[in-house]
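Open the model in your viewer and keep the selection tool ready. This tour tells you what to select next and what is there.

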Amino acid sequence: QVHLVESGGALVQPGESLRLSCTVFGKFFSIYDMSWHRQTPGNQREFIATITDSGTANYADDVKGRFTAVRDNAKNTMYLQMNGLKLEDTAVYYCSADVWAFAAVHSQDVWGQGTQVTVSS
């Protein structure tokens, strides 16, 4: 069974940096696009960034220039480097991956459990 584990969430002050990690575990053929989303209480989950298996990344406008998504395919891991954090970046951050698992007829999205990022002075 494929599952994702996020880590790296913490309490930081405005302007500081943080790096989140997301690792895919289990038995699978391939990992295709990987993405980051975030969610605050009472709101829908919002897209932050996505990165292809070849490393091409795209970002939401409000994080562009501050956040950088990279992946290490050898480690089945994606990272989100977050610089210049703002109060409004406070949220639970979720990663997802389009994974073709063993015994599956096609790939499907798998989500992690989320990691809390709190930006507070």
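A residue counts as buried under 20% relative accessible area, as exposed over 50%, and as partly exposed in between (1.4 Å probe, protein chains only). By that rule, buried residues make up 40% of the 121 residues in the protein. This is a predicted model: local features need pLDDT of at least 70, side-chain atom pairs count only at pLDDT 80 or more, and totals for chains, interfaces and linings use all residues. Residues are numbered from 1 along each chain as its sequence is written, and side-chain values use heavy atoms, with hydrogens and water left out.

**Stop 1: the whole chain**

Show the cartoon. Along the sequence the pattern reads β-β-β-β-β-β-β-β-β-β-β.

Now switch to C-alpha atoms. They fill a box of roughly 50 × 30 × 20 Å, taken along the principal axes. The radius of gyration of the protein is 14 Å, which agrees with the value near 14 Å for a compact globule of 121 residues. That radius is taken over C-alpha atoms, and the globule rule is 2.2 Å times the number of residues to the power 0.38.

The protein exposes about 6500 Å², and carbon and sulfur atoms supply 49% of it. Such areas come from the Shrake-Rupley method with a 1.4 Å probe; for residues, only the protein chains shown count as cover.

**Stop 2: the disulfide**

Select Cys 22 and Cys 95. How far apart are their sulfur atoms? They are 2.0 Å apart, and the two residues form a disulfide. The rule asks for a pair of cysteine sulfur atoms within 2.5 Å. By this rule the count is one disulfide. It links distant parts of the chain: Cys 22 is in strand S3 (residues 18–25) and Cys 95 in strand S9, 73 residues apart. The torsion about the S-S bond is about 65°, so this disulfide is right-handed. Cys 22 is buried at 0% relative accessible area. Cys 95 is buried too, also at 0%.

**Stop 3: the aromatic cluster**

Select Phe 29, Trp 100 and Phe 102. Together they form one aromatic cluster. Rings of Phe, Tyr and Trp (its six-membered ring) pair if their centres lie within 6.5 Å; planes under 30 degrees apart count as stacked, over 60 as edge-to-face and the rest as tilted. The structure holds two aromatic pairs.

Phe 29 and Trp 100 make an edge-to-face pair, 5.8 Å centre to centre with 75° between the planes. Phe 29 lies in strand S4 (residues 28–39) and Trp 100 in strand S9 (residues 91–101), so the pair ties together parts 71 residues apart in sequence. Is Phe 29 buried or exposed? Phe 29 is exposed, with a relative accessible area of 53%. Trp 100 counts as partly exposed at 30%.

Phe 29 and Phe 102 form a tilted pair: 4.7 Å centre to centre, 50° between the planes. Phe 102 sits in the loop between S9 and strand S10 (108–111), so this pair ties S4 to a part 73 residues apart in sequence. Phe 102 is partly exposed, at 43% relative accessibility.

**Stop 4: a charge over two rings**

Select Arg 45, then Tyr 94. The charged end of Arg 45 sits over the Tyr 94 ring, 3.7 Å from its centre. A charge sits over a ring if NZ of Lys or CZ of Arg is within 6 Å of the ring centre and within 35 degrees of the ring normal.

Definitions and conventions
Helix = DSSP H or I, 4+ residues; strand = E, 2+ residues; numbered from the N terminus.
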